[in-house]
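Hello,

Here is the structure we spoke about, handed over for your files. My notes on it follow below.

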Amino acid sequence: MKNRLLEINNLRTYFFTHEGVVKAVDDISLSVDSGEMVGIVGESGCGKSVLARSILRLIPDPPGRIVGGEISFAGNSLLDISERQMQRIRGNQISMIFQEPMTSLNPVYTVGTQVAEVFRKHQKISKREAIERSIEMLAMVGIPSPESRVKEYPFQMSGGMRQRIVIAMALACRPKLILADEPTTALDVTIQAQILNLINNLEHELGTSMILITHDLGVIAEVVARVIVMYAGKLVEQALVDDLFNRPLHPYTQGLMWSVPSLVEDQNKDTGPLKEIPGIVPDLGHLPQGCYFSPRCPKKLEICRHEEPILVENLPGHWVKCWLYDETKGET
Amino acid sequence: MQPLLTVGLLKKYFPLERRIFSGTQVMVRAIDGVSFEIQKGETLGLVGESGSGKTTVGRCILRLIKPTAGDVLFDNMNVTRLPSSELKQLRRRMQIIFQDPYGCLTPRMRIGTILKEPLQIHGIGTKAEQTDRVVTILRRVGLRPEHMNRFPHEFSGGQRQRIAIARTLMVNPELIIADEPVSALDVSIQAQIINLLVELQRELGLSYLLISHDLSVVHYMCDRIAVMYLGKIVEMTSRSDLYLNPLHPYTQALLSAIPEPKTGSKREKILLGGEIPSPINPPDGCSFHPRCNYKMEACTRVEPVLKGVRNSHYVSCHLR
Amino acid sequence: MLRYILNRLIYLFPVMVFMSIVVFLFIHLIPGDPVDYMLGIDATPEARQALRTELGLDKNIVVQYISWARKIMRGDLGTSIVTNRPVSTSILEKFPATMLLAVAATLISLIIAIIAGTIAAANKGTWKDLGLLLLSLLWVSIPSFWLGIMLILVFSLEFPIFPAIGHVSMFADFGKSMHHLTLPAVTLGATLAGAITRMTRSEMIEQLSKDYITTAWAKGLSRPVVIYKHALRNSLITVVTFTGLQLGTLLGGTVVVEKIFAWPGLGLLVIQSIFARDYPMVQGIVLFFAFTFVFVNLMVDISYTFLNPQIRLGKKG
């Protein structure tokens with residue numbers, strides 16, 4: 001029986017700006033078991049990054065704030081504890097990897113210092129020991145000649161190398177959960193393959209749970225076991241990865257899958273146009289009534305314009321928030 | 001048939017630092033001998049990762065950067081040797097779309113002004129005619145005439161890219177160089193822009209040079225594809241041939257590295273070791289050999305040449 | 001790194017030459033005949049001509065410049081008309097007092113301003129921030145002569161805490177020296193403090209919005225560590241540059257401050273020399289100030305090698 005490691009219930013994170021309230025994360029529930037890899041897929045502005053940062057309480061206040069819901073980690077609430085206690089969890093039990101390796105590291109300190117910093121903060125060890133462990137970490141993430149590279153500065157390293165350093169920092173204290181926010185998006189394709197391979201191997205070796213955030217469905221298919229799809233701050237579909245790819249239910253998920261030209265099926269301009277999702281992602285400050293996706297949805301019903309659908313379990317473990325699959329159609 | 005664009009042995013070296021005292025200059029070999037052709041109505045894809053030099057190729061063709069060596073022939077006119085007075089005429093026939101939809105439009109100019117500018121520069125049409133053309137082109141790219149009076153910041157990334165495309169169409173070009181036109185856009189918007197570009201090509205008989213790191217997009221849009229590595233073309237052939245029968249080990253690795261958006265049995269991944277080397281100090285012999293799983297002794301010493309293997313399938317590798 | 005320093009030194013030479021030309025021209029473009037000022041209007045034409053020849057004023061301006069420049073390179077800044085002693089001697093005598101004042105003012109300003117700017121940036125938008133911003137605006141705007149006089153009124157006359165005038169050498173009596181130094185240093189440093197506060201604040205705000213700061217937070221580091229160890233360290237480069245550039249204004253400020261506090265430094269000397277029409281002295285001091293400015297900025301440039309590892313190690317190919 002798997003242990004429930006992270007449980008998020010009805011999370012709401014809003015940003016209070018001059019132009020109004022931006023509901024970046026609006027009633028999201030999600031759970032991660034120990035050793036599990038969960039993916040969050042969505043385009044820009046869907047709230048996936050805000051969700052990850054909410055877990056670590058890294059939302060800048062002002063203008064953002066977690067206004068509702070619960071987050072519990074290993075049985076304890078993360079929202080009730082003090083900032084001090086939260087600092088003990090960050091980098092230690094829950095770590096985060098970010099998208100841009102070129103700017104994620106401090107330019108004026110050596111990479112060794114930056115990795116050692118994590119050890120020194122969370123473990124009571126000497127400076128020398130921290131550097132030794134940092135060298136071990138560098139080796140673990142596949143950096144050749146770690147003893148000499150540990151003294152280098154970020155600007156002396158390529159994007160792929162820097163991302164490995166970021167991963168090393170994240171794994172240093174053997175966290176139970178890693179939040180990876182588009183970890184390979186900014187990397188070249190061949191380097192992306194290396195890093196994804198590294199992440200997969202390390203996850204197997206260490207049994208760390210992961211929430212992997214990306215817009216790339218290919219990455220999702222390669223790495224995670226379960227997926228949630230987000231749109232305009234809402235969770236619109238959740239399923240095991242095989243189920244999602246074999247039977248995508250939500251029209252948005254379907255649209256996403258069709259948007260990417262398939263190499264395997266030799267899809268090209270002569271075989272026909274790509275199936276587009278018309279229109280653009282809504283402004284989170286001015287959301288439409290009813291289902292947020294309805295203005296762009298090719299299958300919309302009348303009810304979609306007025307009422308927000310409810311998340312229903314279509315098949316075991318496969319949830320979707322769409323009137324097409326809700327027999328009640330709003331009538332209780 | 002005479003190709004619309006011919007690039008012959010194009011080279012561009014950038015000096016690294018200005019040294020007052022030292023003798024030899026350290027050069028970044030951004031492009032190191034690139035040759036290809038584009039026929040009228042054809043789309044050629046230029047694919048590569050960081051340091052491949054693909055963006056520099058695009059800029060050299062338009063002479064936005066002056067090539068160090070080599071020739072660019074457009075409709076038989078030598079772009080690299082043309083005097084500046086005639087260059088302007090030529091620029092009407094070749095246009096470019098950039099990657100960043102947020103940076104390519106002057107924030108203080110209204111869309112109408114931005115779109116009229118190419119017409120004004122080339123002295124095309126009266127004021128009324130110019131406005132009419134703006135309206136026509138706006139509609140063609142999927143926007144509305146009222147958008148003429150708005151500013152760039154009022155539009156989304158995808159819409160701005162449409163405006164950028166509209167801008168290139170204003171002067172009726174024959175060749176459009178699209179440098180990562182959809183990389184900065186969301187996936188669902190990418191499909192819209194890709195479809196638009198394909199439609200426009202059919203309607204207007206445009207030729208494209210599509211520069212991108214995204215093999216899925218390139219595969220969809222292009223007739224022929226050239227793969228670049230560290231300033232050189234390592235393989236060039238038709239779209240289907242490249243995918244079905246990649247000959248160069250780098251192309252094979254590149255194709256295998258793309259994460260497939262489907263589950264079930266996965267093909268074997270070729271993982272390349274090492275980093276992408278810097279174009280300042282390329283390896284001896286074949287510049288790919290340090291990362292190549294098939295390298296032979298010759299690869300470390302002798303640089304391979306791009307040669308035709310069959311059916312216009314060119315590859316630069318000692319294995320062939 | 002050595003190449004970087006060498007580069008900087010090479011640029012030093014043309015800058016110095018250019019500056020000497022500017023200084024020279026300025027003095028010579030002042031309306032009025034220096035000879036008149038020196039001898040008075042009753043002087044005879046012969047006496048005038050004699051002095052003119054002696055000072056080399058009858059030769060053309062380029063020749064004058066060259067002979068002047070030659071002397072400068074030998075360290076001969078001319079002779080004071082008032083005291084008849086070499087200008088260089090007077091400068092060397094008075095320089096330590098000014099340097100003490102300038103260094104003290106800069107140090108006090110830097111320390112207070114960096115802390116104030118950091119606190120303002122870390123608390124952006126709150127009352128703390130607004131208060132500090134207002135305060136810094138005040139300090140930048142207050143004319144130093146007013147501030148000096150006010151400080152004397154309050155802290156010397158009303159509440160006799162600090163002495164109003166006079167200077168005691170550091171080496172003679174350190175405590176007393178610092179005591180006398182306080183009011184003038186605060187006066188001189190005030191404008192600088194205001195400017196550095198604003199600069200630090202804006203630079204810190206920018207650094208605090210960067211990705212590596214988010215990484216630092218995600219590592220579980222505490223607020224003081226994130227702000228001081230990570231953000232401030234990166235802000236220092238800009239702040240140091242800025243301070244170096246402000247030195248010019250600071251040196252100019254010594255003129256007023258030294259006059260108010262009767263501080264026996266170069267500022268006081270130059271103002272006395274101006275009123276006395278002591279051209280060689282004025283020229284010499286201005287040139288000295290100019291060279292000091294260039295030299296300090298060279299030091300600032302060199303300090304980058306410590307602050308910015310990219311310069312120290314050179315960009316990797």
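Is Leu9(B) buried, partly exposed or exposed? Leu9(B) counts as partly exposed, because it has 13 C-beta neighbours inside 10 Å. The cut-offs are as follows: a residue is buried if 20 or more other C-beta atoms lie within 10 Å of its own, exposed if 12 or fewer, and partly exposed in between, with C-beta atoms placed from the backbone. Leu9(B) sits in strand 1 (residues 5-15) of chain B, and its phi is near 50 degrees, a positive value in a residue other than glycine.

This is a predicted model, in which local features need pLDDT of at least 70 and side-chain atom pairs count only at pLDDT 80 or more, while totals for chains, interfaces and linings use all residues. Residues are numbered from 1 along each chain as its sequence is written, and chains are lettered from A and ligands numbered from 1 in the order in which they are written.

Glu182(A) also has a positive phi, near 50 degrees. Glu182(A) lies in the loop between strand 7 and helix 7 (189-206) of chain A, and is buried, with 20 other C-beta atoms within 10 Å. Helices (H or I, at least four residues) and strands (E, at least two) are DSSP runs, numbered from the N terminus.

Two cis peptide bonds follow in chain A. One joins Asp61(A) and Pro62(A), with omega about 10 degrees; the other runs from Pro62(A) to Pro63(A), with omega near 0 degrees. Pro62(A) is in the loop between helix 1 (48-55) and strand 4 (64-73) of chain A.

Now the sheet. In chain A, eight strands form an open sheet with mixed pairing, in the order 6-7-8-3-9-10-12-11; two strands pair if DSSP finds at least two bridges between them. Its edges are strand 6 (94-97) and strand 11 (311-315) of chain A, each pairing on one side only. Strand 9 (residues 226-231) and strand 10 (residues 234-240) of chain A are antiparallel, joined over six bridges. Within this pair, Met230(A) stands opposite Leu235(A).

Last, the interface. 38 residues of chain B are in contact with 40 residues of chain A, contact being C-beta atoms, placed from the backbone, within 7 Å. Helix 6 of chain B gives the largest share of chain B's side, nine residues. That side divides into 19 nonpolar, twelve polar and seven charged residues (nonpolar: Ala, Val, Leu, Ile, Met, Phe, Trp, Tyr, Cys and Pro; charged: Asp, Glu, Lys and Arg; polar: the others, Gly among them).

Regards

Conventions: Two residues are in contact if their C-beta atoms, placed from the backbone, lie within 7 Å.
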